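Welcome! Have a look at the protein shown here, and then we will walk through it together, beginning with a term that will be handy along the way.

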Amino acid sequence: MRIGQGYDVHAFGAGDHVMLGGVRIAHDQGVLAHSDGDVVIHALCDALLGALALGDIGRHFPPSDMRWRDADSRQFLRAVAAMIAERGYALGNADVTVVCERPKIAPHADAMRANLAADLGCDVGRISIKATTSERLGFTGRGEGIAAQAVALLLPAR
């Protein structure tokens, strides 16, 4: 077994939506990011790459590389899924927590789970998405940004 954890954060900025788990969610702000700023996928990629001992998302998809400018983060997740398979592993499960006051995550969690499962080639039952607020404390509590944490378990592929 191999376990990894990931974390990502983006500040809010101008815009009318956020991308979370590959789902476009209407919001009165966007995020400041080189790619689409999907904190769910970025944290999950970091967890998966960590489980493989392959560094972090910035090593594989650096913001200095213009190929990734405004990129759909699902590309990153599909590339990481290929790395997992190439090394003889499969996802045991992944658990992601989004930290924000707004937007509300629960109405979109099932769509996010479906996207992540599709990109990772696994059953949706292996993916958990949940959310919490920070009780109006810190940058997420003040509505200045959004964060996500992820943990993932990789098992030898059968």
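A residue is called exposed when its relative accessible area is over 50%, buried when that area is under 20%, and partly exposed in between. Keep in mind that you are looking at a predicted model. Arg136 has a relative accessible area of 64%, so this residue counts as exposed. Arg136 sits in the loop between β6 (127-132) and α5 (138-141).

**The overall picture**

Now step back to the whole chain. The protein has five helices and seven strands. In sequence order, these elements follow the pattern β-β-β-β-α-α-α-β-α-β-α-β. The radius of gyration is 15 Å, close to the 15 Å that the globule rule gives for 158 residues, so the protein is as compact as a globular protein of that length. Along the principal axes, the C-alpha atoms fill a box of roughly 45 × 35 × 25 Å.

How much of the protein counts as buried? Of its 158 residues, 51% do. The protein exposes about 7,600 Å², and carbon and sulfur atoms supply 52% of that area. Contacts also reach along the chain: among those between residues at least 6 apart in sequence, 70% join residues at least 24 apart. As for charge, there are 16 positive and 18 negative side chains, and the centres of the two sets lie 4 Å apart.

| Residue | Relative accessibility | Class |
|---|---|---|
| Cys100 | 4% | buried |
| Asn115 | 16% | buried |
| Cys122 | 19% | buried |
| Gln29 | 25% | partly exposed |
| Ala53 | 56% | exposed |

Asn115 belongs to helix α4 (residues 109-120). Leaving aside residues up to four places away in sequence, Asn115 touches Gly21, Gly22, Val23 and Arg74.

Gln29 is in the loop between β3 (23-26) and β4 (30-31). Its contacts, again not counting residues up to four places away in sequence, include Phe12, His17 and Gly143. Gln29 and Phe12 are 17 residues apart along the chain, yet their C-alpha atoms are separated by 6.1 Å.

**What about the cysteines?**

How many disulfides does the model have? The count comes to zero. A disulfide needs two cysteine sulfur atoms within 2.5 Å. For Cys100, the closest cysteine sulfur is in Cys45, 19 Å away, which is too far for a bond. Cys122 is in no disulfide either, as its nearest cysteine sulfur, that of Cys45, is 13 Å away.

Most residues other than glycine have a negative phi, and most peptide bonds are trans. With that in mind, which residues are joined by a cis peptide bond? They are Arg102 and Pro103, with omega about 5°. Pro103 is found in the loop between β5 (89-99) and α4.

Ala53 is not a glycine, but its phi is positive, at about 60°. You can find Ala53 in the loop between α1 (39-51) and α2 (57-60).

Notes:
Residues are numbered from 1 along each chain as its sequence is written. This is a predicted model: local features need pLDDT of at least 70, side-chain atom pairs count only at pLDDT 80 or more; totals for chains, interfaces and linings use all residues. Side-chain values use heavy atoms; hydrogens and water are left out. Helices (H or I, at least four residues) and strands (E, at least two) are DSSP runs, numbered from the N terminus. Buried means under 20% relative accessible area, exposed over 50%, partly exposed in between (1.4 Å probe, protein chains only). Contact means heavy atoms within 4.5 Å. The radius of gyration is taken over C-alpha atoms; the globule rule is 2.2 Å times the number of residues to the power 0.38. Accessible areas come from the Shrake-Rupley method with a 1.4 Å probe; for residues, only the protein chains shown count as cover. Lys and Arg count as positive and Asp and Glu as negative; His and the chain ends are not counted. The place of a charge is taken as NZ of Lys, CZ of Arg, CG of Asp or CD of Glu.
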